[in-house]
Amino acid sequence: MGTAPTPAAPSRAGMKKELPERFKSYKHVWVFIEYEHGEIHPVSLELLGEGRKLANKLGVELAGVLLGGNRAALQEAAVQVWEHDADLVYICADPVLEHYRNEPYTKVMTDLVNTYQPEIFLLGATVLGRDLAGAVATTLLTGLTADCTELAIDDEGSLAATRPTFGGSLLCTIHTLNFRPQMATIRPRVMAMPPSAPGKKGRIIEHAAGLHEIDIITKVLRFIPDRDSNKAQLAYADIVVAGGMGLRSPENLQLVRALASVLGGEWGGSRPLVQKGWMDADRQIGQTGKTIRPKVYIAAGISGAIQHRVGVEGADTIIAINTDRNAPIFDFAHFAVVGNAIEILPALTDAFRKRLSVNRLAG
Amino acid sequence: MHIVVCIKQVPDSAQIRVHPVTNTIMRQGVPTIINPYDLFALEEALRLRDRLGGTVTVLTMGPPMAEDSLRKALGIGADRGVLLTDRFFAGSDTLATSFALSQAILKIGETWGVPEVVFTGKQTIDGDTAQVGPGIARRLGLQQLTYVSAISEVDLAGKSITVSRRAEGGVQELKTALPALITMLEGSNEVRRGSIGDVLRGARAELVTWNAAAAGITEMGNCGLRGSPTVVKRVFAPKARATKAVPIETRERDAETIAEDIIAQLYATQPALEAELLRTAAGY
């Protein structure tokens, strides 16, 4: 506490906070609003919820940053950003920004930061957000903390960004003491979706990008949408059923899919299944795969390694089925079923199917 | 064609243990491996070389023992290994790492020809940041192509490259100019096993070892802890859940009874769930 100079030199030079004069005017919390194919990515709204808490703690404003090709569409999207509690929205509309490309997006974001000087800048840890954040932070020569699971403001007003390290065995809290903005990415579904306030209004600041297509070296030749669009739904599903090595063979993943289908949910698996080639990496649940926050998560034959735990802890109810009563998954599950998933999954599927169809006919 | 592949030697995460009292990583006895994501980058580089001719230089920054990973990469088929090692690099975050690597790539370019493509893996398994690839691209002014799943065309005369790149909700086909930095998506190729000749050559090869000065680095303030804007303030173990899992009796019960019990307990915990499931099942 206090402003008296610390007499002893800290053991690590970077540990001491000595914010250079040029950064002292940096204020406000920004969230990059990922806007593609006419839609805002839900992670951006989740980050507005976190950004609001940080802005309140600091007593500053919360702003969203919207980039895209069509000015009218961005103005419409800005309404949704206000309704998620942003005070203002920076809009940069330019035909060059129609489809995401690193070069023009990095240029515009860097210009915006240098012009309007935010102290905190949050982005979703999506493929787009990670591609952009790394380039922007390097251009600005500031700190960037990836895949944070918790954000807070410390006593000195610095961003304390906590993230898992070493596969989730430990957590570490990272600060960017002497550079601005303090940048962080957060994965989809790590933070809860905040409520929206329909009708809430804010301000818009338009920024002219001054881009010319002829200057942009990378060209988008084609965009091929994913055929299996459900894969993208996994992170946002209300019901998720997943399998692990306890299923013993890739064929038994069918038991997981069948239960998910009866419940109208999504399915996935633990990391070893990807490593064994039993399923696509897109369906992996855990720290290096998808983070989920379903209402119900059924983990069948998953031991619950720490890296898996990190990805599922946000679930309202976790039901774990495992033959090994000492499996770590029982340390964080809500219901522990010590038994064979290969037998219990089909029984569960049948029981749900009966209940859901009989009642439907009756109703 | 000259291709540089950046790799990192990492502890095999499957075997990492945390000391229960001190909360520190117990590195002793943990085997090290080439970051698995980097192998897809190496394979793609070797394929380009095999198709178009040229050489593949593998670069790593780390302690002297990281030469093991370079030898492994040579054993898979790379032509040259460069180890960037200096105590001034200790404590580097991603910004300082991208500085040191980009300087070494410039030096590699001066020494053996400017690379047309620099590869990295998608991310590492120990840091998981995916920031060093973009960092190198920005520092060297290379076209940045992350999460690349396929390289469809390389035109060395016209200095252009066409790739497929994983994007949100689909795949982007991008065409850009060389030189470019590519971070390779996992599973996009099958990593080869080196020939016996390559493995023997890797084991015996003379590696190039550079400290900061040898790599031409003069701005030491950009390296290691001094060059790292981020600071790790605290390391701690995740909290255990306060309440224990509720056991569902399975002994001497058939699967049907267990299933009914699970459903009953679930509905009791989430009273609104049954109605929601019914709505979903009815197609509302």
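Reply: Chain A is divided into domain 1 (19-215) and domain 2 (229-362), with bounds that come from an automatic or database domain assignment. This is a predicted model, in which local features need pLDDT of at least 70 and side-chain atom pairs count only at pLDDT 80 or more, while totals for chains, interfaces and linings use all residues. Residues are numbered from 1 along each chain as its sequence is written, chains are lettered from A and ligands numbered from 1 in the order in which they are written, and side-chain values use heavy atoms, with hydrogens and water left out.

Me: How many residues of domain 1 of chain A and domain 2 of chain A take part in the contact?
Reply: The contact, meaning heavy atoms within 4.5 Å, takes 14 residues from domain 1 of chain A and 14 residues from domain 2 of chain A. The centres of the two domains, taken over C-alpha atoms, are separated by 33 Å.

Me: What area do domain 1 of chain A and domain 2 of chain A bury between them?
Reply: They bury about 1100 Å², 47% of it on carbon and sulfur atoms; buried area is the accessible area (1.4 Å probe) that two parts lose on being put together, summed over both. On the side of domain 1 of chain A, G167(A), R187(A) and R189(A) supply 57% of the area buried against domain 2 of chain A, more than any other three residues.

Me: How many salt bridges does the rule find across the interface of domain 1 of chain A and domain 2 of chain A?
Reply: The rule finds 0 there, a salt bridge being a side-chain nitrogen of Lys or Arg within 4 Å of a carboxyl oxygen of Asp or Glu. A search of the whole structure, however, finds 32 salt bridges over all chains.

Me: What makes D111(A) and K107(A) a salt bridge?
Reply: Their closest N and O atoms are 2.9 Å apart, and the limit is 4 Å, so the pair qualifies. The two are 4 residues apart in helix α3 (residues 102-116) of chain A, and therefore separated by about one helical turn; helices (H or I, at least four residues) and strands (E, at least two) are DSSP runs, numbered from the N terminus. An α-helix has 3.6 residues a turn, so residues three or four places apart point the same way.

Me: Why is D111(A) called partly exposed?
Reply: Buried means under 20% relative accessible area, exposed over 50%, and partly exposed in between (1.4 Å probe, protein chains only). D111(A) has 26%, so the label partly exposed applies, and K107(A), at 39%, is partly exposed for that reason too.

Me: How do you know that S102(B) is buried?
Reply: S102(B) has a relative accessible area of 2%, which is under 20%, so this residue counts as buried. S102(B) is found in helix α3 (residues 94-112) of chain B and, leaving aside its neighbours within four places in sequence, is in contact with R139(B) and L140(B).
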